[in-house]
Amino acid sequence: MKKIKLGKSSLTVSEICLGLMRISESKLKDNTNLVKTALEHGINFFDHADIYGAGECEKIFAQVMKSGDIARDSILIQSKCAIRKGCFDFSYDYIISSVEDILKRLNTDYIDVLLLHRPDTLMEPEEVAKAFDMLHSSGKVRHFGVSNQKPLQIELLQKYVKQDLVANQLQLSLTNTGMIDSGLNVNMQVNQAIDHDDSILEYCRLNDITIQPWSPFQYGWFEGTFIDNPQFEVLNNAMAEIGENYGISKTTLAIAWLLRHPAKMQPIIGSTNANRVAEVCVASSIYITREEWYKLYIAAGNTLP
Ligand SMILES: NC(=O)c1ccc[n+]([C@@H]2O[C@H](COP(=O)([O-])OP(=O)(O)OC[C@H]3O[C@@H](n4cnc5c(N)ncnc54)[C@H](OP(=O)(O)O)[C@@H]3O)[C@@H](O)[C@H]2O)c1
């Protein structure tokens, strides 16, 4: 598994990350096998959020570490906070208490990265800065980042926050390519030219912020996977054909497609199936051609000007 630097931090992270959002439905034995398999295939970075399974996923992960005899310093843990029922909350008190709860559930003294999960329009950046300082100086959080934020939101926060924002988690998959579409259709009178994210792809690259594509196998808003889905027949046919060139599955190719982008992104995969995780990790050794990359982009329903 190739490793990349996470943003401007000193962290060396696997270029594929395992997200644990869905593990609350599985047995401890299967979850332990899942995490062990990820480690065996070179994944050293695990993504959580306080809301996954209403906190259960972090608790289960702590049990997995114990039952799997996984040393805390052998892995990197990221979690997120700021989504509450009915609102988003970047207040000092809420960030601090969320992290305290995250640490308790994960049964650890520190997390490697904390992300603010979704933008809070009532954010007072001075409060976030105070919270980050407190968490950083006490050793409870080593690095900070954001999720689902656009460039000026990051700039506003970074104006006040001392620590570099190292990651931005964004929805991106073969069937969710808004941030790529707008860059390919500049000056065009077509829907794909609409820039919903204010050039977030270019902004993150310019500022050394690692993009972490979430839900890399899903279409729409958690509507299911596009892999082997008859709604995406053209895409699946193209994936099967290109996959054959490398002897890899469509699942592996979906991640190889993200990794082929030179932005050095870190896809967050959410499979709860150990075999599938092993299958996906092969993507780290695949480098598809430019022509193949564009062929898949077009097969997903996009056009080029
Ligand atoms: N920042 C945010 O706002 C945000 C939002 C959502 C998610 N996330 C993060 O992103 C991670 C991934 O999200 P996700 O779970 O929605 O992403 P995903 O990896 O796209 O989807 C995984 C789900 O798809 C299923 N699946 C079915 N067929 C598949 C195939 N051929 N290949 C791969 N998966 C297949 C998996 O089933 P099996 O379990 O049986 O493999 C699993 O239920 C989460 O764990 C979380 O850490 C972040």
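Met265 lies in the loop that joins H9 to strand E12 (268-269), where helices (H or I, at least four residues) and strands (E, at least two) are DSSP runs numbered from the N terminus. With 22 C-beta neighbours inside 10 Å, Met265 counts as buried; a residue is buried if 20 or more other C-beta atoms lie within 10 Å of its own, exposed if 12 or fewer, and partly exposed in between, with C-beta atoms placed from the backbone. Apart from neighbours within four places in sequence, Met265 is in contact with Thr210, Ile211, Gln212, Pro213 and Leu258. Contact here requires that the C-beta atoms of two residues, placed from the backbone, lie within 7 Å.

The model is a predicted one, in which local features need pLDDT of at least 70 and side-chain atom pairs count only at pLDDT 80 or more, while totals for chains, interfaces and linings use all residues. Residues are numbered from 1 along each chain as its sequence is written.

Met265 and Arg205 are 60 residues apart in sequence, and their C-alpha atoms are 9.5 Å apart in space. Arg205 belongs to helix H7 (residues 200-206) and counts as partly exposed because 17 C-beta neighbours lie inside 10 Å.

The largest nonpolar core has 86 residues. Such a core is a set of buried Ala, Val, Leu, Ile, Met, Phe, Trp, Tyr and Cys residues joined through C-beta atoms within 7 Å. The residues with the most contacts inside this core are Ile16, Leu18, Leu114, Leu165, Ile255, Trp257 and Leu296. Helix H9 (residues 250-260) gives the most to the core, with 7 residues. For Ile255, the contacts beyond four places in sequence are Ile16, Pro216, Pro267, Ile269, Val280 and Ala283.

Two packed helices are described by the angle between their axes and the distance between the axes. Axes are lines fitted to C-alpha atoms, for helices over the stretch in contact, and angles run from 0 to 180 degrees between N-to-C directions. Helix H8 (residues 233-246) packs with helix H11 (residues 290-299) at an angle of about 160°, and their axes are 8 Å apart. H8 is therefore roughly antiparallel to H11; angles under 35 degrees count as roughly parallel, over 145 as roughly antiparallel, 65 to 115 as roughly perpendicular and the rest as oblique. On the H8 side, Val234, Leu235, Ala238, Met239 and Ile242 meet Glu292, Lys295, Leu296 and Ala299 of H11. The residues of this contact divide into 7 nonpolar, no polar and 2 charged. In this classification Ala, Val, Leu, Ile, Met, Phe, Trp, Tyr, Cys and Pro count as nonpolar, Asp, Glu, Lys and Arg as charged, and the others, Gly among them, as polar.

For helix H2 (residues 56-67) and helix H3 (residues 92-106), the axes come within 7 Å and cross at roughly 40°. Glu58, Lys59, Phe61 and Ala62 in H2 meet Ile102, Arg105 and Leu106 in H3. The H2 contact with H3 has 4 nonpolar, no polar and 3 charged residues.

There are 23 residues around the ligand, of which Gly19, Met21, Phe217, Gly270 and Ser271 come nearest; a residue is near a molecule or strand if its C-beta atom, placed from the backbone, lies within 6 Å of it. The shell around the ligand has 8 nonpolar, 12 polar and 3 charged residues.

Further loop positions were examined. Ser24, in the loop between strand E3 (17-19) and helix H1 (28-40), is partly exposed, with 17 other C-beta atoms within 10 Å. Beyond four places in sequence, Ser24 is in contact with Gly53, Glu56, Cys57 and Ile60. Ala82 occupies the loop between strand E5 (76-81) and strand E6 (83-84) and is buried, with 26 other C-beta atoms within 10 Å. Residues touching Ala82, not counting those up to four places away in sequence, are Phe88, Asp89, Phe90, Leu116, His117, Arg118 and Asp120.

Most residues other than glycine have a negative phi. Asn187, which is not a glycine, has a positive phi of about 75°. Asn187 is in the loop between helix H6 (178-184) and H7 and is exposed, with 6 other C-beta atoms within 10 Å. Phe222 likewise has a positive phi, of about 55°. Phe222 is placed in the loop between strand E11 (210-214) and H8 and is exposed, with 8 other C-beta atoms within 10 Å.
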